[in-house]
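The following note sets out several points on the structure for a reader who is new to such models. Please keep the sequence and the structure in view while reading.

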Amino acid sequence: MAPVVSVEALRKRYRRRDPWAVDGVTFALEPGQAFGLLGPNGSGKTSCVKMIAGLLRPDGGVISLFGAKPGDPAARAQLGFAPEEPDFPKFLRAREVLDYFASLLGLDEDERKRRIPETLAFAGLDQERRQVRQFSKGMKQRLGIAQAILGRPKLLILDEPTADLDPMGRRDVRALIESLKASGVAVLLNSHLLSEVELVCDTVAILAKGHVLKEGTMAEVVPEGRTLEDVFVELVQASAPPKHDNLPSFITDKEDQ
Amino acid sequence: MKGTLAVARFTLIDLSRRRILLVFAILGAVGIAGIGTILKIFSSTFAGAAFTGSPGSAPPDPAKINRFLDLMFVSDLVGALGLFALLIAFGIGMTAIYHDLESGAAVAIFSKPVSRFAFTAGKVAAAAVAMIVIVGLLSIEAMLVGLLFGGGLEQTLVAEAVAQVANALTLMLIVLALSTWMNNIVAAILAFIYNAAAGVVVALHNQSAAGNLGDNAILNGGLNVLYWLVPHQLTSDAPRELVKAEVELFSTPGQPGPDVSQAVASVPGPSDLTDILWWAFVVILFASLVYVAVRRRQV
């Protein structure tokens with residue numbers, strides 16, 4: 001089966017003097033597969049997915065999105081991307097935002113009339129009449145996921161999709177991922193919420209400082225009797241210089257009586 | 001094309017709800033009505049009495065006085081219109097693209113199958129339409145104010161209003177182009193400085209062309225080079241008409257007075273085809289700069 005997306009020896013740095021944000025990352029994702037990209041803050045997860053979505057230019061390596069370059073509009077028409085901290089034109093309402101994106105996706109009037117109310121209902125924003133500028137972080141995140149699925153993508157990239165969601169919202173996202181997987185949609189989940197990844201992903205790659213430390217199916221990465229968190233912490237700590245785990249002294253000091 | 005229209009449509013909806021534009025539009029509407037009314041009342045009550053002519057000479061022709069006052073009135077109205085057109089140009093230029101790029105809205109937009117060219121074209125088109133609509137409404141209001149007080153100079157006002165819109169459009173594109181590279185407040189300040197410097201260069205060039213700066217070849221040559229590096233403000237024949245009427249008003253028939261053609265030579269005349277072509281070139285240039293900046297932008 002041809003991969004939906006494949007990246008090979010991907011490299012990116014933001015300034016010439018900076019260390020590589022992404023350095024030699026390689027992976028591929030097939031239809032119906034849920035791939036978890038894990039890593040601590042600043043490990044290069046978001047840079048990777050932004051390069052796949054054509055939002056950042058790689059400094060090296062090759063990306064193939066549906067057999068084309070990420071900048072190709074036909075390839076991006078099959079992609080749904082929910083960014084980490086989603087934002088939208090702030091004076092529009094949720095329905096207008098989806099109408100805007102439906103227009104960009106080239107959906108006709110009938111499809112818009114069908115998809116927009118259903119997508120709003122899924123996101124729990126169907127009764128919402130306020131403008132985006134008055135939305136909470138969680139509401140923006142819901143709208144971010146809603147716009148990502150609006151075009152019925154064949155690849156859904158979710159960058160920290162549940163970071164600002166309440167437990168019900170998280171459950172909805174898990175159900176969405178399961179349902180999409182079952183219908184053959186590939187899901188690239190970018191998260192450091194390991195319990196969540198463990199529940200929904202078939203394959204994972206653990207990143208630190210732009211490098212892939214370990215990649216494979218969940219069974220390959222997590223040996224029996226251990227958790228994903230154990231493996232993650234062990235790998236990340238081994239790749240980083242020793243760090244003192246001591247709390248700040250002003251926290252641990254006992255107050256003078 | 002569909003992408004451009006979608007971007008333009010929703011940018012217009014977004015812009016129409018921005019309070020800063022609403023405030024500028026209301027200030028403009030109130031300002032033009034207020035300035036027009038005050039000036040007209042003032043000029044018809046007091047100014048007519050001031051034109052009694054020099055001692056011992058015949059009083060000036062009342063028709064000339066009226067013509068002069070009407071021109072002055074139109075000049076003040078278009079001055080007010082120009083000021084609010086500039087404010088609106090800054091308001092739109094600072095927000096139309098900048099907020100999408102800085103807020104992260106561009107991340108979701110650019111992940112959709114829309115080219116950066118279509119996005120830029122839609123944004124520039126929406127910004128231009130928003131400005132033309134707001135300044136157009138203010139111009140209609142200015143014309144109504146003019147009609148209310150006698151009228152007869154609508155043609156002059158229309159030509160000057162078109163020139164003001166064209167000039168504001170250039171400024172808006174400069175702010176748009178700069179705000180895709182830098183903070184929008186810094187962009188507005190730089191655009192203001194550049195626009196003011198361009199105005200000085202054009203004014204000096206006009207003086208040089210009229211022979212008022214002497215025959216220093218280096219100075220005149222330098223001004224000529226600078227003149228073709230900055231946008232030229234488009235003008236109607238209103239400023240020259242005003243000066244001409246003023247000179248004619250104060251000249252006494254049969255006595256030597258100031259030469260009309262010499263007096264108006266230093267005042268910018270109506271823009272000719274070269275100026276209009278240069279304006280079109282500058283508009284295309286700055287719109288292209290906006291596109292280059294958006295295309296290069298990583299979000």
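1. The model is a predicted one. A:Glu160 is partly exposed, because 19 other C-beta atoms lie within 10 Å, and a residue counts as buried at 20 or more. A:Glu160 belongs to the loop that runs between strand 6 (155–159) and helix 6 (167–182) of chain A. Its backbone deserves attention: the phi of A:Glu160 is positive, about 45 degrees, although A:Glu160 is not a glycine. Most residues other than glycine have a negative phi.

2. A:Phe66 also has a positive phi without being a glycine, with a value near 50 degrees. Where does A:Phe66 have its place? A:Phe66 is found in the loop between strand 4 (60–65) and helix 2 of chain A. With 19 C-beta neighbours inside 10 Å, A:Phe66 counts as partly exposed.

3. Two helices of chain A may be considered next. Two packed helices are described by the angle between their axes and the distance between the axes. For helix 3 and helix 5 of chain A, the angle is about 30 degrees and the axes are 10 Å apart. Angles under 35 degrees count as roughly parallel, and helix 3 and helix 5 of chain A are therefore roughly parallel to each other. Helix 3 of chain A passes helix 5 of chain A in a right-handed crossing. On the side of helix 3 of chain A, the contact is made by A:Ala94, A:Val97, A:Leu98 and A:Phe101; helix 5 of chain A contributes A:Leu143, A:Ala146 and A:Gln147. By class, the residues of this contact are six nonpolar, one polar and no charged.

4. The contact between the chains follows. How many residues of chain A are in contact with chain B? There are 28 residues of chain A in contact with 23 residues of chain B. On the chain A side, two or more residues are given by each of helix 2 (73–76), strand 5 (79–82), helix 3 (94–105) and helix 5 (137–149). The largest share, six residues, comes from helix 3 of chain A. The side of chain A that touches chain B is made up of 18 nonpolar, four polar and six charged residues.

5. Chain B has 12 helices and zero strands. Of its 299 residues, 41% count as buried. Among the contacts in chain B with a separation of 6 or more, 84% are between residues 24 or more positions apart.

6. Which residues of helix 1 of chain B are buried? They include B:Gly3, B:Thr4, B:Ala6, B:Val7 and B:Ala8, as well as B:Phe10, B:Thr11, B:Asp14 and B:Leu15.

7. B:Ala198 lies in helix 8 (residues 184–209) of chain B. Is B:Ala198 buried or exposed? B:Ala198 counts as buried, because it has 21 C-beta neighbours inside 10 Å. Leaving aside neighbours within four places in sequence, B:Ala198 is in contact with B:Val230 and B:Pro231.

Conventions: Residues are numbered from 1 along each chain as its sequence is written. Chains are lettered from A and ligands numbered from 1 in the order in which they are written. This is a predicted model: local features need pLDDT of at least 70, side-chain atom pairs count only at pLDDT 80 or more; totals for chains, interfaces and linings use all residues. A residue is buried if 20 or more other C-beta atoms lie within 10 Å of its own, exposed if 12 or fewer, and partly exposed in between; C-beta atoms are placed from the backbone. Helices (H or I, at least four residues) and strands (E, at least two) are DSSP runs, numbered from the N terminus. Two residues are in contact if their C-beta atoms, placed from the backbone, lie within 7 Å. Ala, Val, Leu, Ile, Met, Phe, Trp, Tyr, Cys and Pro count as nonpolar, Asp, Glu, Lys and Arg as charged, and the others, Gly among them, as polar. Axes are lines fitted to C-alpha atoms, for helices over the stretch in contact, and angles run from 0 to 180 degrees between N-to-C directions. Angles under 35 degrees count as roughly parallel, over 145 as roughly antiparallel, 65 to 115 as roughly perpendicular and the rest as oblique. A crossing is left-handed if the near helix is turned anticlockwise from the far one by less than a right angle, and right-handed if clockwise.
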